[in-house]
Amino acid sequence: MRDTLLIALYAFAGAAASGLTGAGVLRLIRRRSLTASLTVVAAVGVVAMLAGTLAVAWAMFLSPHDLTVVTTVVAMAAVVSLATALLLGRWVVARSHELAIAARSFGDGGAFQAPVEPATAELDTLSRELAATSARLAESRERERALETSRRELVAWISHDLRTPLAGLRAMSEALEDGVAADPDRYLKQMRTEVERLNDMVGDLFELSRIHAGTLPLTLARISLYDLVGDALAGADPLAREYGVRLVGGRIEPVPVEVDGKEMSRVLGNLLVNAIRRTPADGTVAIAVERSAEGVVLSVTDGCGGIPDEDLPRVFDTGWRGTHARTPPAGAGLGLAIVRGIVEAHSGRTTVRNIPGGCRFEVVLPAAAS
């Protein structure tokens, strides 16, 4: 028993010395290639075994022949271990290099393509995470491009729409100032109309900026959509008469919702104004409210003739006016963008689809708790 303890002690002492030396070497080369680290680990294992064997051999006074045999066996094990470590290290480094090359596509704006060659479980997990990150970055870049395009279109349309009333105001004010206006009262009335138009455009821009900044204040209250729709129809009736359009509100259920009454009135007003101005004379604009499995569906149907399928995904984009069915000619393409922003602030969603002869805009809102 005493001999066994001595052997274990000598073997541990030799192996510990080798292990401490190896740990020091690993610390010094921690920034080097993985191949070097694996080689050191393999060498530490072999050297630790050799040191322990030599220590035991010296303590037990083994014959030179036996010591030579043991040393030869350990040396062959060392050669195999080091070769295996080198091969493993080079393979792992090669897979890591391929993964690094594939990851460079992030900076070039491309999609990540995982290496074809098999890798370790850890590298395979990293590859899957990089692929998922690449997909998210691609979506983010696409949203950024769409937003930048929308902003450019908005600036272009706003610049155009502001220039027209400002030019008219300047011409009319100069005519009044020079005393060449044949009918000053008519000029003043027209100037007031243009100023109100400019004020509405600035108000829309301010509303949209608050929506995009996430600072739109909402005062939620339990309201019946029946009352909101009734007020919206009454407000839009003069415009409908002017355009010769019939307003119909036949299927309106008294469904309660938790909304900001002022903002939701703006949603209904924008939808009705857009529908009336897009519908030809003697046409019909219908509004309906009904329950569904998703909540409460408020719909506005017009007779605009339909929107091209390729334009449907962009109908609610800021500043975009791709077709005559989009927004009023005098508008800046903000009405439906404001509708979507307000509805989404209420945890709802907006959709549009073509129907025979026109379009159907839908607003889906969460139903109020009973």
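Predicted model: local features only at pLDDT ≥ 70, side-chain atom pairs only at ≥ 80, totals over all residues.
Asp282 is an exposed residue, with a relative accessibility of 60%.

**Asp282 and its loop**
- Asp282 sits in the loop that runs between α7 (261–278) and β4 (284–292).
- Its backbone is worth a look: Asp282 is not a glycine, yet its phi is positive, at about 70°.
- For background, most residues other than glycine have a negative phi.

**Ser347 and its loop**
- Ser347 also has a positive phi, near 65°, and is a residue other than glycine.
- You will find Ser347 in the loop between α8 (335–345) and β6 (349–355).
- Ser347 counts as exposed because its relative accessible area is 60%, and the cut-off for exposed is over 50%.

- Is Thr350 buried or exposed? Thr350 is buried, since its relative accessibility is 14% and buried means under 20%.
- Leaving aside residues up to four places away in sequence, Thr350 touches Phe316, Val339, Arg340, Val343, Glu362 and Val363.

**How confident is the model?**
- The average pLDDT over the chain is 79, and 85% of the residues reach at least 70.

Technical notes: Residues numbered from 1 in each chain as written. Heavy atoms only, no water. pLDDT = per-residue confidence, 0-100. Helix = DSSP H or I, 4+ residues; strand = E, 2+ residues; numbered from the N terminus. Buried < 20%, exposed > 50% of the residue type's maximum accessible area, 1.4 Å probe, protein only. Contact = heavy atoms within 4.5 Å.
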